[in-house]
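User: I would like to go through the terms used for this model and see which value stands behind each one. Please set each value against its cut-off.

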Amino acid sequence: MNKYVVRTSLVWLSVSIALIAVWQYRSHNASLVPKINVPGGVQPIASGPSPRTSLEQPDTVQQKVEARLTPVQLTLEQRQQIGVRTGTAEYKQLSDAIRASGTVQINERLLSYVQVRFSGYIRSVFANATYQYVKKGDPLFTIYSPDLVATEQEFLLAQRNSKTLGQSPIDGVASGAATLSAAAEQRLSQWDVSADDIARLKHTGQPITDVTVFSPASGYITERNALPNMTVEPATRLYTIADLSRVWIDAQIFQDDISRLKPGDAAQITVDSYPGRTFSGRIEEILPQVDMATRTVHVRLAIGNPGLKLKPGMFVNVDLKANLGRQIVVPASAVLQSGTRSLVFLDQGNGSITPKEITTGPHVGDDVIVLNGLKAHQPIITSANFLIDSESQLQAAAGSYVPPSPASGGTSAPDHSRQATIDFTTAPNPPQKGSNVFRVKLTDTGGPISGADVTVTFFMPAMPAMGMAAMNTTVKLSEKGAGVYEGPGALGSGGTWRVTITVQKSGQTIANKQMSVDAMGGM
Amino acid sequence: MLSRIIDVCARNRFLVFTVVLLLTLAGIWSLQRVPLDALPDISDVQVIVHTSWAGEPPDVIEDQVTYPIVTSLLAAPHVKAVRGQTMLGDSYVYVVFEDGTDLYWARSRVIEYLQQISGRLPEEVHPSIGPDATGAGWVYEYAIVDKSGRHSLADLRSLQDWRLRYALETVRGVAEVASIGGYVKQYQVQLDPTKLLAYGIPMSTVIERVKMSSNEVGGRVLDLSGAQYMIRGLGYLKTPDDLASVSVGSKDGTPVLLRDLGTVSFGPDIREGAAEWNGEGETVGGIIVMRQGMNALNVIDGVKQKLREIAPSLPAGVEIMPGYDRSELIQASIHTLQRDLIEEAIIVSIVIIIFLFHFRSALIAIAALPIAVLVSFIPMYWLGVTSNIMSLGGIALAIGVLVDASIVMVENGYRHLAERQANNPEPVSESERRTVLIDAAKQVGPALFFSLLIIVVSFLPVFLLEAQEGRMFRPLAWTKTLAVGSSSILAITLVPVLMVILIRGRLKPESSNIISRVTQAIYLPVLRFCLRHRWFTIAVNVIFLIATLPLASRLGSQFMPTLYEGSTLYMPTALPGISIEQAKMLLQQQDRILRSFPEVASVFGAVGRSDSATDNAPLDMYDTTVMLKPRAQWPTGMTYDKLIQQMDAKLQFPGLSNTWTMPVQNRLDMELTGIKTPLGLKVQGSDVEGIQKLASQIQNVLAGMPELRSIFAEKVAQGFYVNVEVNRPEAARYGLTIADVQTAVESGIGGQSIAENIEGRERYPINVRYQRDFRDDLDAMGRVLIGTSSGAQIPLGQVARISFSNGPAMIRDEDGALTGYIYLDLANSDYGGFVSKANRLIREKLALPANYSYQWSGEYELELRAKQRLLLIIPIVFFVIFLLLYMVFHSTAEALVLIFPTVYAMSGGLLLQWVLHYNFSVAVAVGYIALFGIVVETGMVMVVYLHESLERRLHSHTTLTNNDIEEATIEGAVHRLRPKLMTVCAVLASLVPILWESGIGSDVMKPIAAPIVGGMITSTVHVLILVPVFFVMMKERALRRGTLGADHHDSTPIPSDSVAESVL
């Protein structure tokens, strides 16, 4: 019986131990909450950090975080895969285009009115329709003017007098008659009677009752008031004749753009009605006032009008070329606007690409003006910039990249007195996730190299979308003799690692090598 | 009570058969209806609120949409977490509910809470809740390929959007059909600003006129000569020309038409993703998203059926190619497990036949096995457990155990009957035979029932696993429990009936069985030797134990073993800000390279996101599904790992980081916390720029810690922006408001979809914006015109400063706070220690600015949680086993003796696990838990027989000597070797097909099976050798103290009903 009691109590003991264990486990989590038991008064249940600490390093958070610029090394295959194309920065004669809309206007300088200088009555009208085209010298209409006829008769009388009195020996009579005749003739010509008419008058001796008025210019009659039997006073404007062989374009330019233009700048005019046709002209005048209604400045362009295609009132598109002079430009696709910076990528040759910050000016067509940061003829990458920039950032984030040693000097091939060959192996081969041994064999023309510092860096870029950080393992190898260096290292994951091997001797990098190595094992 | 059941059943054959038949039929019915899937759906109960706001940058949407939604949902009932993610044009809010919340209830709550804030959101924004599905529901993807070259991408997209989509959405179980790639057709009115200026027509007028240009109305009816005519006003646009002829004003009496101000044409909408087929060129893709909890296989079959139905009506030359098909995975994995199950059943049957060497007797166990499995499907169906690798795996693990009870009973009946025939040459009468058999069944039945109960009960703690791991293993626990449960019930009902029917005729005695003779011949001398050198034996065993246990520390650990899915997902990621053109170019390159591998069946590339709320991939994320050919068609020597490595080596694109994963795994991963490194830091604050700065400071502070292998602070503010900053005094000078300027930005540069034209079944937006030349660089943008009230039009550059800047590319919003992640990778696994050390370091070196905070997170949480759970579960398992054993034997010593084999089993499991390179994971832990139960069962069978034989001696002799005890032990151990070996062999043999298997799905099952196999081997050795040794030592001690007799009265011998009775 005793035994039974002992056993039962044992069982119950273990039950209670288990329960206590569970309770302990539960309360363990709760006990993580710090207990503050300060006597005296009500304590805040939560309080911020003391003011002192929050004042420390107030500016550290404010400093700008910018990605470092890291050179990128790409193989030829990689360059092809992402479609890298190269170009150069070049000097170009540039002009900036400003687009504006304009209207065709009659060139005021080629406008003429037809008026008569005497009053009278129009008899017949030859140019009898608005927008009729007249050539210079074409008859427009005939007019009967009593005043004119009187003057003509005066002139004829004076003519006769001068003829009869011309032989007069009396001094002054002949000349007086001639003067009278000349004065009458002058009056006629001042009244705009044509020389032909005067000659006819002289010839026939009969006054011309219907005087023909001729067109003073070639052009279109834009306004016609001359109607048969109309009384005409000298103030009456009978015709307006516009010469459209040259027209004005009134372009509306926003005030911000006006500073870039000056009279004489070339302009291209296109009209939707004539697709494919361009007219060219120049700025004649920038009108000295801003149109209050449209908030634009009117710019007057003078332009030839071959075939009279441009009709007054027509809307045209104006491309004004503001001359910018000779500038260094790169294709617009070569510039990566990474937020606050403009970057170009210099092609250093040998697959090495270096980012460079530049200052850009305005876009001109497909080009961008480089104000600062590039010299002419520098080779640059003109496509796939985004990917190269990303690669640069990924490598910078891990800090794994070892830039080519200064001795190798950019584009030129490394020129070491002792050309070292790096032979890299791993054990196991290929390496695996977990621990491995890395082995480097260094040789050059003079046999194995000893006494060098060999560093092997394994780098795998971050995969933010998959929630994986970049991994970076750096192993310093120790010398095993005969140019062989060895060291153990652990890889955090399977997959493709970028391996950089740097060989330094007395602080000088004598060789480095980059490659990709595939490690076995899961991610 | 159990004996009575056996008795009643054996005497009511008809009733038992009828019930069993009905249950079997019900089982078959359930089997056909249980939903099929590859893996259990482990996703949380979540509701996605998706808000689309075309063309708006992330920070605008975050401030005006995501933040109000997130904050309003925080306080909703049963909400565990609210995570927001905002990117260009889209806002996604994931509302995660507590486990066990009903999805539809949760959806109603979300709608309810959205209702409250609808007034606070911008007018044009309408949040909608996503489908009742998750990313894990992407079961089928297809590409629409045009071989004729006559259909544009816009045509294909229209075909997908307006025909295929709706046709496929009618398939039962499809929650949504999403489209990706191609161009969404839209009417594009491209205005020339200089003409607007020339005609003096502001953009707003154009927009207003266009808005009013496409509609149809009704005018009621007209009654005419007794007929009724319906009146309608026609006015939908028929061609872009109709739109071009819309009058937008007049100049001197002449109407100004839209065509005078620019061009009208069809064009593409802003693209959020692109799809590509086999490296052959761009295409349009469709994604079938399955409703949660549906039968994936049925859904896919339905979709395929529907596609076949649609096929004749497709435009000529258009083909629909399967880009991803999960049914292959499901079928392959189910097929693998079915084959395993059949192989197991066959192997187990062979084992039984060999051991019993009597076909009819073997038939009993063999017949009971499938019935037990089928019956277990009935509750599975009602519990909603799907048929997947895990649940079928549970059955596969149980098969060896399922036959145990029937084997032992049949063996016992066989032996009794054979003995009776051997002892008494007189032929056995029918009634006598029946009595002998029923008595034999009654003798072992209750104990067997009880031992199966131990297996069931000891496995129950698996149900204590929570969250993801719980959802993963609960189906396995269910099926295993149900199968063992149903087999234990069958053991006391059907098996006795079958015994009575089938065990008849002349039976050979056990001694004539060659297997028994050989095994006994080997076992006897070994056991004798061990009993003679007890301490030596114990020492050898202890040394073995000590030698193997340190293996535990040499094994790696992971959360879950990966499942090979027969397809791979190539997911390179670019840095944020990649343009669609660049992304597309790379996509085609990648696909072409992938397609060139002979192992690849098809490549369906996608970049960016589809129009599904379950898809939140930004444009910098690729998602290329590579369907692989069956492994048999691969070149020899090629493995999946090798293949991926070769692919990875060929796909080293600068600026991209490669990720290789598998479709199902990835979709599940994407839904979990987001931080995939074991450890992560979430930096939260009020400003993205500040978060990025703080995160990089933390990175600098922690970078020096020796435990840290790498640290990476996410660049949350690295997106590219063009800022249009209104110069307020300047704007005021022209009488312009901020809104005027911004409308110009929105409609002039961005383009506004202002109306929708209806064309039969299809609907296309009408978009108005400036011609490309007038908005494609900063200078041009400066010339976007803004109409003033005076009629003048002012260029944007005159009233605003336009500049490049950085800003958030994507915004994370967790529980209302802006968040940035820092990913950490540790060299060791002491997360707790690292976290406290890092916390100290951050506190010392860094003053957190006000409003900023950080917290630790990561998948280690899951692993840690699972580990802590297991630390709780394993002791419970042991305690439960101990308790059950104590109840059986009423002796702590004997209970302890039987617990000991489990430790021994652990060493064997470790050994095999180490040999096969399986890491520790929850799966392995589940394997161990299953192992313990089985080990205890075998130990119990052994002790039962030892007791039985000792009992017999106690009855025959009044005083026992040490020698008697030893002899009794040898008799119990050696003579009753057959049933013990049979049960062990059945378990071991049944698991061999799983370990042998290389088909799809085996990757998950192997780590579970490995510890069982390893453990069974070592524990059997232990049970066969050490248990008799301990038994002898214990009984001799009892004899010395003179308590043997009393002891035996107290601890009732097992093969009687009373124990089970007292327990039940």
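Analyst: Of the 523 residues in chain A, 41% count as buried, where buried means under 20% relative accessible area, exposed over 50% and partly exposed in between, with a 1.4 Å probe and protein chains only. In chain B, buried residues make up 61% of 1064. This is a predicted model: local features need pLDDT of at least 70 and side-chain atom pairs count only at pLDDT 80 or more, while totals for chains, interfaces and linings use all residues. Residues are numbered from 1 along each chain as its sequence is written, chains are lettered from A and ligands numbered from 1 in the order in which they are written, and side-chain values use heavy atoms, with hydrogens and water left out.

User: How many helices and strands are there in chain B, and what makes a run count as one?

Analyst: Chain B has 35 helices and 30 strands. Helices are DSSP runs of H or I with at least four residues, strands are runs of E with at least two, and both are numbered from the N terminus. For chain A the secondary structure comes to seven helices and 29 strands.

User: Why is Asn278(B) called buried?

Analyst: Its relative accessible area is 10%, and the limit for buried is under 20%, so Asn278(B) is buried. Asn278(B) is found in the loop between strand 13 (273-277) and strand 14 (282-290) of chain B. Not counting residues up to four places away in sequence, Asn278(B) touches Asp591(B), Arg595(B), Ser602(B) and Val603(B).

User: What makes the pairing of Asn278(B) with the side chain of Arg595(B) a polar contact?

Analyst: The two side chains make the contact at 3.3 Å. A polar contact is a pair of N or O atoms within 3.5 Å; within protein, one must be able to donate a hydrogen and the other to accept it, and residues adjacent in sequence count only if both atoms are side-chain atoms. The value of 3.3 Å is within the limit of 3.5 Å, so the term applies.

User: How do you know that the structure holds zero disulfides, taking Cys530(B) as a case?

Analyst: A disulfide is a pair of cysteine sulfur atoms within 2.5 Å. The closest cysteine sulfur to that of Cys530(B) is in Cys985(B), at 19 Å, too far for a bond. The count over all chains is zero. Cys530(B) is buried at 8% relative accessible area, whereas Cys985(B) is partly exposed at 24%.

User: Why is the pair of Trp162(B) and Tyr166(B) called tilted?

Analyst: Rings of Phe, Tyr and Trp (its six-membered ring) pair if their centres lie within 6.5 Å; planes under 30 degrees apart count as stacked, over 60 as edge-to-face and the rest as tilted. By this rule there are 16 aromatic pairs over all chains. The ring centres of Trp162(B) and Tyr166(B) are 6.3 Å apart and the planes stand at 50°, so the pair is tilted. Both residues lie in helix 5 (residues 153-169) of chain B, four residues apart, about one turn of the helix. Trp162(B) is buried at 19%, and Tyr166(B) is partly exposed at 43%.

User: What makes Lys650(B) count as sitting over the ring of Phe597(B)?

Analyst: The rule asks for NZ of Lys or CZ of Arg within 6 Å of the ring centre and within 35 degrees of the ring normal. The charged end of Lys650(B) is 5.6 Å from the centre of the Phe597(B) ring. Lys185(B) likewise lies over the face of Tyr764(B), at 4.5 Å from the ring centre.

User: Which residues touch the most other members of the largest nonpolar core?

Analyst: A nonpolar core is a set of buried Ala, Val, Leu, Ile, Met, Phe, Trp, Tyr and Cys residues joined through side-chain atoms within 4.5 Å. In the largest, of 236 residues, they are Ile288(B), Phe473(B), Met647(B) and Leu885(B). Helix 30 (residues 922-956) of chain B gives the largest share of this core, 21 residues.

Notes: Contact means heavy atoms within 4.5 Å.
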